[in-house]
Amino acid sequence: MEYKYDVVIVGLGPAGSSLAYLLKDMGLKVAGLDIADFNRVWGKPCGDAIGKGHFLETGLPLPKGEAMMQVVNAVDIYSPSEEVKIRLSEPEGGFMIDRNKYGLQLLEEAQKSGVDVYLKTHALSPIIENGRLVGVYAKRHGEGGDVNVKFYSKIVVDATGSGGAIKRKLPSSWPVVEPLKPTDSAVAYRKIVELDYDIEEPDVIRIYINADIAPGGYWWLFPKGRRIANIGIGVQRGRGYPHPRHLYEKYLDKRPDTGRVVRLLNEAGALLPTRRPANTIVWDNFVSIGDNAYTVNPVHGGGMGYAMTAAMYAARGIEKAFEKGDYSVETLWDINLGYMRSTGAKQAGLDILRIYLQTLTNEEVEWAMRNGLANVDNLVEASTQGEIKRLNLTLLEKAKVLARLLGRPTKLMELLIVAEYMSKVKKLYYEYPERPDGLPRWVDRVETLYREYKARLGVDW
């Protein structure tokens, strides 16, 4: 069986379904494929929190009805001892959502405008003819048995997450095929539970930094109502740390706040990238978005908002390609330029910060938070802009005094190195090449910067 489309989107999670929604009124023939059934759309586990700003930026509809579970007004970050807490207010606010219901909200609106949605459809591999990507092979699962299908299209979008159902099977010579290093990723495990007590301030999500419980990551408690919470652990991969499920059972099942479970509603684990975006998210007839393109926040691993942003730039670039009747990498390059010079630059800055944070011990984090080095202004600025500009004279003088008192002058130098390289990497992303032929040289510059940075910090992974 064969189908012909203008655009085939493989994967209907946050990135894919956002793109389907954004393409729905462009007059294109669009298909969306996902291996999940109706009840498992957006099934990948995550923290379920998303800032309102992502909806305002992309024009995607706000969650409504059962899709919107809890308003979020602030984030509390706890030190390893939990004796120090930093509260970050959310200027625009945010939401805890029911992922499945919001995903269906997007897909139902897309379908009303003519997007064809194929659930229970397993994309197997790309169709490449005469060296050109022309579609995907898939298998549709139905009551009457499996059916092999060819989906032909002018543009294929891979939104299947870090597994890359299509991308990883493209020719390895294509620059868009960029493997994910284990240490640039995390394994997360979370439970959605009903607790036997009312959560104080359910509009505040909580992040706990503790290298014993969550090495190379953090653990969280995100309320989804008075008694429902998303509780989980994220752990850096590639460094021999225990699986987060084992850590959850060892620590969180025994705590008085996270262990008082009346009912387990859902549990699952997932692999997620925690790095700067892929060097290019487009090639001839091909676009990669979401976790597939490593478009995430490297510090906290949140991917839904970044997936929406990547989908927005993809939709603009795809529209231009069809206006020109040209689906080559040269035309699709506008997607790179839009994403890399804005969100990608911030993401790269956060990646520099992430690497440093993963070198710190509990004792170092505790010291920094107790002595005001992790102040609210710097955390807000770093998390939103990917840069630390406010490491000003007053803060430096304060840090110098603390370093002398505590015998830690090296920490001051490390902070200066981090700020320096956050600024440098953002500048590189602002200089993202105008054309594909400039990509190799730009990648060399980025990789050189990372090698220098890691060498100065003594990072060997």
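Visitor: Which helix gives the most to the lining of the second largest pocket?

Guide: In this predicted model, helix α11, residues 439–457, gives the most, with 4 residues. Among the residues that line the pocket are Glu447, Tyr450, Arg451 and Lys454. The volume of this pocket is about 280 Å³.

Visitor: How do the residues of that lining divide into nonpolar, polar and charged?

Guide: The lining has 9 charged residues, 2 nonpolar and 1 polar. Asp and Arg count as charged, and the lining includes Asp184, Asp351, Arg275 and Arg276. Pro and Tyr count as nonpolar, and Pro179 and Tyr450 are in the lining.

Visitor: Why is the pair of tyrosine 118 and phenylalanine 151 called edge-to-face?

Guide: Rings pair if their centres lie within 6.5 Å, and planes over 60 degrees apart count as edge-to-face. Here the centres are 5.0 Å apart and the planes stand at 70°, so the pair is edge-to-face. It links distant parts of the chain, 33 residues apart: tyrosine 118 is in strand β6 (residues 116–118) and phenylalanine 151 in strand β9 (residues 145–158). By the pairing rule the count comes to 19 aromatic pairs. Tyr118 and Phe151 also form one aromatic cluster with Tyr3 and Tyr5.

Visitor: How do you know whether tyrosine 118 is buried or exposed?

Guide: Buried means under 20% relative accessible area. Tyrosine 118 has 9%, so this residue counts as buried. Phenylalanine 151, at 0%, is buried as well.

Visitor: What makes tyrosine 313 and tyrosine 339 an aromatic pair, and of which kind?

Guide: The ring centres are 6.3 Å apart, against a limit of 6.5 Å. The planes are at 90°, and the pair is edge-to-face. Tyrosine 313 lies in helix α5 (residues 304–324) and tyrosine 339 in helix α6 (residues 329–357), so the pair ties together parts 26 residues apart in sequence. Both tyrosine 313 and tyrosine 339 are buried.

Visitor: Where does the charged end of lysine 24 sit?

Guide: The charged end of lysine 24 sits over the ring of tyrosine 21, 4.8 Å from the ring centre. The distance limit for such a case is 6 Å. Lysine 167 has its charged end over the ring of tyrosine 294, at 4.7 Å from the centre.

Visitor: Why is aspartate 98 called buried?

Guide: Its relative accessible area is 19%, and the cut-off is under 20%, so aspartate 98 counts as buried. Aspartate 98 is in the loop between β5 (85–97) and α3 (99–112).

Visitor: What lies 3.0 Å from a polar atom of the side chain of aspartate 98?

Guide: The backbone nitrogen of lysine 101 does. A polar contact needs N or O atoms within 3.5 Å, and this distance is 3.0 Å.

Key: Residues numbered from 1 in each chain as written. Predicted model: local features only at pLDDT ≥ 70, side-chain atom pairs only at ≥ 80, totals over all residues. Heavy atoms only, no water. Phe/Tyr/Trp six-rings, centres within 6.5 Å; stacked < 30°, edge-to-face > 60°. Helix = DSSP H or I, 4+ residues; strand = E, 2+ residues; numbered from the N terminus. Buried < 20%, exposed > 50% of the residue type's maximum accessible area, 1.4 Å probe, protein only. Lys NZ or Arg CZ within 6 Å of the ring centre and 35° of its normal. 1 Å grid on protein atoms, 1.4 Å probe; cavity = no way out; pocket = protein on both sides within 12 Å on 5 of 7 lines; lining within 4 Å. Points joined across faces, edges and corners; volume = space filled by probe spheres on them. Polar contact = N/O pair within 3.5 Å; in protein donor to acceptor, adjacent residues only side chain to side chain.
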